[in-house]
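Dear colleague,

I am passing on a structure that you have not worked with before, and I would be glad if you could look through it alongside these notes. Please keep the sequence and the model open while you read.

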Amino acid sequence: MSERLLLLVESNTTGTGRLFARRAADLGVVPVLLCADPGRYPYAAEDGVRTVTVDTSDEAALWAAVGALTGGATVAGVLTSSEYYVPTAAALARRLGLPGPDAEAVRACRDKAEQRRVLAAAGVGMPGFAVVSGAAGAVGAAREIGLPVVVKPVRGSGSLGVRLCADLDEVAEHAGTLLAATVNERGVAVPGRILVEEYLTGPEFSVEVFGTEAVVTVAKHVGPLPVFVEVGHDVPAPLPGDRDRALRETAVAAVRALGLGWGAAHVELRLTGTDSRAVSVIEVNPRLAGGMIPELVRGACGIDLVLAQVQAALGGVPELGRGAFARASIRFLTSGREGVLAPAAVLADAVDRARAVQDTVEAVLYRTEGERVGPAEDFRGRVGHVIAVADHAGRAARSADRAVALLGDAVSYTDPHGGGTHMTTGTEAGTGTARGVDTGRLKAALDAEAHRIVYDQYLPDTAGDGLGEELRCISEVDRAHLIMLTECGIVDAGRAAALLRAIEELRGQDFAPVRATPMPRGVYLAYEGRLIEQLGDSTGGILHTGRSRNDLNATTTRLKTRGPYLALLDAVDRLAGVLLTKAAEYQDVIMPAYTHGQPAVPISYGHYLAGVAGAVLRAYEALLDAGRQLDVNPLGAGAIGGTSVPIDPRRTAELLGFTSAAPNSVDAVASRDFVLDLLSASAVLGVTLARAGRDLSTWTSEEFGLLRVADTLVGSSSMMPQKRNPFLLEHIQGRSTASLGAFVSAASAMTTGGYTNAIAVGTEAVRHLWPGLSGATDAVTLLSLVVAGTEPERERMTDRAVDGFTSATYLAERLVLDGMPFRAAHHLVGETVLGALDSGRSLVDAAEFTAVGDGGLAPDRVAEACVHGGGPGSTAEGIRQIDRQLATLRAELTARRTRWSHAGTLLSQAVLKAVTS
């Protein structure tokens, strides 16, 4: 049997081009890349994709190359992932008698001027526009349309050449630049016309259309004007149903008007007013979306648009059935000014830290060590990206925002004042240097994570989406409950499927219809009432079979706790890792240990950090122990006495990620012990954080001068220009007590309620948990940053150990080992220190009575000798022991996280099967 080939006419350099080849191979078809320059596509060599070098702008040459391929093979399909070559691929497919879009329709759509005329004739909403062929014409059009205007090529790709012009001089200059070009960046001839368009304001979206079906709506994030570089996407867009429908309907109308209707189309639109009908098409692209949007759609919806496009090209039936109900967000890293990619080790650390953010599934840098970067003028200026997938839009977006901020550590900037380079923050990398960074004394911006913790608390949206979180947890329990009721034969499978479909629709709309509903009797009854109103009582009314709001609330509280709980554990894990890394790095840096604020004995800075790590690991273990009650499923306990309905709590436990079902119905609904356990463990951790923060704060003072904190972790003064304040340590000391206060408040509230379902316990006490965990997480995160970004002043530490006579105890112990009673030795060495102080001599010079010499009283030698009782001489072994303990705790955390994640997948699969069978 001859080979079946999928011809790929050129490609984009990343993303879908590579995916097209991989999906073809998965289907047993051989991908062949026809291109003018194979070196343009590194993925071809990396993946072993067959390439044929040919001038793809020459139809005769392209046809000849195809003829040469078909000697022993069959061309089964033709595709391209490059917008520039969609007409070429369509024409080639038509010539070969293969499936593909209408070549003339695609060619017309690629000309944005012609596209505008067609859409205008069809009555599709869009901005006012003019097609011009000279700079003077552009200026005249701008006057008529009204400034500002968008000036862009009539035939381009992505954001290339698209610019917002605020005045007529800018219009003339940019128009002149565009019209002076005779070929594009691919070397393909461009027409001598450009578009001048009305600038529309309002949120921007895209609708991914396949054939004439609107698959999903995508929210778009655009970087700083005057260019239009997309810096992020959210899938699906969190929109009310009426606005989502308006966007979808407009997109499909545009596709139909342009005569497309085959395969993928990417339609960009804006909502230009509060009326859901105020939708304008920015442009239609007769191709699959770029910007990794197909991967977001696959992660969020379970729909593989790349595979569907390949299947369509091969003459098959595209698979567009939804297979998931998640949310996915991508954020692109861009540079705010001229900079350079940091050393390879820093790049790897930035990627690892970004990947470690909760829900982050991908973190990638496109550049390598030493490459120059600058402000992005178009999509080619992106430096990297992160992708997060979560069970709701807000969390996915927040995780992606946090991860890209950490990825921003990959870029370093040359100090404009001649001070070398400094590490960027994600905020700098994403949006340019913030006003006020350069204080004169300080040149670097505050670390992005520290900024989020310290300053973002004042932003209006930091409280999060409490209603949305509650509804998401309720609906998650409902999904599991309905699956269990169906499997137990308690409810009809058809009615359960209808109810599940309605719940999935609400989740996809981020519960917009419920949010708009009055809630006189609380959130749950408003939510259930919406479902009954939509489906009728015979279907919507079965939802609460075999349960009560009491066991529902006990269950959702546990589900809501998982996210903050994991965030705290992740932060603690990171702190432990940082402490151990720095302990190993500084285990030979000698300093005084202090007791009562006075130099005591010589230790190493690494030994101190390892000591703090030991306390942190005990807190880590305590938090894992406290979290075990989170794994008990209270669902099924009903109001307080269980239920006579033959439910299966073990099945809902499995679907929701619990390890067991509550054995006693009273305990299930009455107890919120896990709240106190978590806050108690967090409070003990907070004590350690505050104590370590006090030490570091003292040692960074000018009077001690033992430590120096990086510029990205200090603040300045609004009045005193010389100040360099390690103020994050004060935040650590203050915020670390949040869990202690929360514990007292929660425990006090609980004492007022009997051992039954009680609002004082289930609502009033529980509400203290979230700020308590959040405060602890912030304090842990800040201490991680400070420890990682602080360096010891080695000479100063050694000097303080010498000047503080820290070897005195060791000297007394040497005398004891030579036969002198300890108290006598203690007295003798004390007199010796006093004499040394009076005479201005060192302890070595003053201790003429001892044989300890040859540097034997040097603090480093003394510290090295103290190997017993866990002294500094045993630091290396202590670090290894703590590291083994950390690995054990980390494995337990990973197992718990994996179980919860697997349960989410298992439940989504069960729901999908129920609604499609």
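Predicted model: local features only at pLDDT ≥ 70, side-chain atom pairs only at ≥ 80, totals over all residues.

Residues are numbered from 1 along each chain as its sequence is written, and side-chain values use heavy atoms, with hydrogens and water left out.

If a disulfide is taken as a pair of cysteine sulfur atoms within 2.5 Å, the count comes to zero.

Side chains of opposite charge can pair when their charged atoms come close. With a salt bridge defined as a side-chain nitrogen of Lys or Arg within 4 Å of a carboxyl oxygen of Asp or Glu, the model has 49 salt bridges.

One of them joins R651 to E487, with the closest N and O atoms 2.7 Å apart. Because R651 lies in helix α23 (residues 649–656) and E487 in helix α16 (residues 466–487), this pair ties together parts that are 164 residues apart in sequence; helices here are DSSP runs of H or I with at least four residues, and strands are runs of E with at least two, numbered from the N terminus. R651 is buried at 16% relative accessibility, whereas E487 is partly exposed at 47%.

Another salt bridge is formed by D631 and R896, whose closest N and O atoms are 3.6 Å apart. D631 sits in the loop between α22 (605–626) and β23 (632–633) and R896 in helix α35 (residues 875–916), so the pair ties together parts 265 residues apart in sequence. Both D631 and R896 are buried.

R724 and D711 also pair, with 2.8 Å between the closest N and O atoms. R724 is buried at 17% relative accessibility, while D711 is partly exposed at 25%.

Finally, a network of salt bridges links E83, R110, K112, R116, K152, E197, E283 and R287.

How values were computed
Buried < 20%, exposed > 50% of the residue type's maximum accessible area, 1.4 Å probe, protein only.
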